[in-house]
Amino acid sequence: MSRVGDTSPVSVRLLGPFAVTLDGAPVALTPRLRALLAVLALDVGRPVPTDRIAAAVWGEERPADPRKAVQVLVTRLRTALGADAVRTTSGGYQLDVPAAAVDLARFEADLAASGTADPAEEYRLLRRSLGHWRGAPFEAVGSDLLVSADRPRLMEQALRAVERGADLALAGHAPDLGELAAGLRELVALHPLREGLWVRLMAVLDRTGRRADALAAYQDLYRVLRDELGTPPGAEARAAHQRLLAGPADSTAADSPPPAGTAPRPPSLLPPPDGAFRGRAAALTTLDALLADPPRIAVVDGPGGIGKTATVLHWAHRVPDRFPDGTLYVNLRGFFPTNTPLAPAVAVRQFLDALGVAPGRIPDDADAQAALYRSVLADRRVLVVLDNARDVEQVRPLLPGGRHCVVVVTSRNRLGGLVAVEGAARLALGTLPPAEAEDVLAARLGSGQLGAARLAAEPAAARELLTLCGGLPLAHVIVAERAAGRPGAPLAALVGELHRHGSRIAALSADGDRAARSVFSWSYRALGQDAAAVFRLLGLHPGPYLTIPSVMSLAALPEQRARTAVGELERASLLIELAPGRFTMHELLMDYAHELVSADPPEESGAATVRMLDHYLGTARQAEAGTGTALPDDEAPVLVGMVRRAAATGNHEHTWRIAHCLRAHLWERRQVTTLLETERLALAALETLGRVPEQAGSRRWIARALGQPDDAYDTAAGTR
């Protein structure tokens, strides 16, 4: 095996944009040669099997004779780097250069050495190891295998090194905490759901005399988790926040428990309001009436894209002083086309966390959790917003027991049962009246009077655009974004584009949903090839959010093309960036994407689904290996959706494997309803596959979730 200290004319960089030099001069390689060299350099000095090389280079499109094809590529690589650069072994091929010639090997060597060093030397080695990084591993390599399987593992190692280095710095082993704060700021922007980075950023800011900034960082974390996952920060971040509130920083603050009896801060889970919101005066007046007289429940219903959520959030942000004990919000995902609605028990568990209930107080049983939730809210004044509810059964377990709380539910359905039994007030939103529609479009076309002036300059085109939008606020958003992105183009040109795409009949329909689809079609057809493919394939993704790596896998695109496509979709208002690197899509747009992808040949959509599931299975495995028994909170909601998606599409291996990676996470967080669902899906998949040994594990977890002895389900299964 190569020694770290050796020198070599060949140098390979994997930690960032891929690069290779020979005697200091850059070497240009074809995409397949880059993938070949990258997979060999990943295990520099060790044999790499031919099958792994073929998987890294060709993915699922392997040649008829992979062994021969790899041999040809190796010959070409030897021509580029020298005959001795690659050695043929009994186990495959080996990059025969010193380990020090590969930045990844230098990173791993420094990381390994840091584990046995004294604290000061450990900090120095960790800093040096991270100095080898220039970006995400394997950029411009073009290997799905390396990006989906190896990149997450390496990123986890680097982030752990950052967190350990920050801990050492806080313990007094770093000369400059200010520099560390700047680095942590950059990292939380790239990894906004990694709470460990936020906790250390808060501690560093506090230690350098910036307590206000530390408290603001906690609020940023709270908003990110609230907006993206509907959950509060975890125990470590909450404890750090309590320490900030408790008193002055000192050298032992990081190890001190929060003071006993400290009252938890009221939850504030509302997503941010829409800054360009206009209109809906009558609806806002109706909601204001909830603050004065019973009933204390309102159902806001209407078709998709009509502005239910925007209206409720605008109102809720106007009245926070009326709810001194906080605001709760959850997206129940009642109409997501590729995922099941959020189980009420899952929402209850999220609310208990937000209300500051200690995990030890939360029972395992879902009914007992709901009872505890009602008890906690019995004497509090809290606003509860239940967004995108599917039906009454999804809502009832989330209604608080006390009379001081106000509940606002949004739904595409009328939820007449809440009106008839609970006495809820019903507020039906329809399409915007002409005056409000014009005001909404003007507000989105430009700030101040700019938008209104642009409409006034072309009154006929403005009227036609409003007609084409059908009074649907979501359509206004998309049309206005397109117009705002082309400030020099006349509105009449946009109208002409809509007509040229043959959407006139649908657009003139009084049905707002059909009008939206005409605007969606117009926007979709204007997309570039990659962006259009990504949008269509997102109809396969179960949500609730997606990332650039998941888009890369789903659409089989290299990183830069995936980023460019996602950026184009965001600029067109077809995607929303919830937090840096995390995106979501309006449910009506997801419906449209699902319609588009459903028309694709089954073999194409099936292959994309498998690529997506492969990516998330790799994510689940790496996260599980990285944390011992649990998964990071930011991955769990997506992975639960992937279990359902795998089961629905008959991908049985993915179903049980992803479910098994989730089980410890769900159990530790008392999410027994979800655990029961995923393990039952896993068991059905295992029975279909005939994998008897793994079935026993699923049966035991099902029994545990049901509150039975671990062998109870096994016994019952044996007698069926």
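Is C661 buried or exposed? C661 is buried, at 6% relative accessibility. The legends below describe close-up views of a predicted model.

**View 1. Cysteines C661 and C405.** C661 counts as buried because its relative accessibility of 6% falls under the 20% cut-off. C405 is buried too, with a relative accessible area of 3%. The whole structure contains zero disulfides.

**View 2. An open sheet of five strands.** The strand order is β7-β8-β9-β6-β10, and the pairing is parallel. β7 (327–331) and β10 (425–428) stand at the edges. Each has a single partner strand, so one side of each lacks a neighbour in the sheet. On average, neighbouring strands are turned by 15° against each other, direction ignored.

**View 3. The pairing of β7 with β8.** β8 covers residues 383–387 and runs parallel to β7. Five bridges join the two strands. N331 stands opposite D387 in β8.

**View 4. Helix α12 on the sheet.** Helix α12 (residues 308–318) packs on the sheet. The helix touches β6 (297–301), β7, β8 and β9. Its direction makes about 160° with that of β9.

**View 5. T410 in strand β9.** T410 lies in β9, which spans residues 406–411. T410 is buried, with a relative accessible area of 0%. A polar atom of the T410 side chain lies 2.8 Å from the backbone nitrogen of N388. Leaving aside residues up to four places away in sequence, T410 touches V300, K308, T309, V312, L386, D387, N388 and A389.

How values were computed: Residues numbered from 1 in each chain as written. Predicted model: local features only at pLDDT ≥ 70, side-chain atom pairs only at ≥ 80, totals over all residues. Heavy atoms only, no water. Helix = DSSP H or I, 4+ residues; strand = E, 2+ residues; numbered from the N terminus. Buried < 20%, exposed > 50% of the residue type's maximum accessible area, 1.4 Å probe, protein only. Polar contact = N/O pair within 3.5 Å; in protein donor to acceptor, adjacent residues only side chain to side chain. Contact = heavy atoms within 4.5 Å. Disulfide = S-S within 2.5 Å. Pairing = 2+ DSSP bridges. Axes fitted to C-alpha atoms, helices over the stretch in contact; angles between N-to-C directions.
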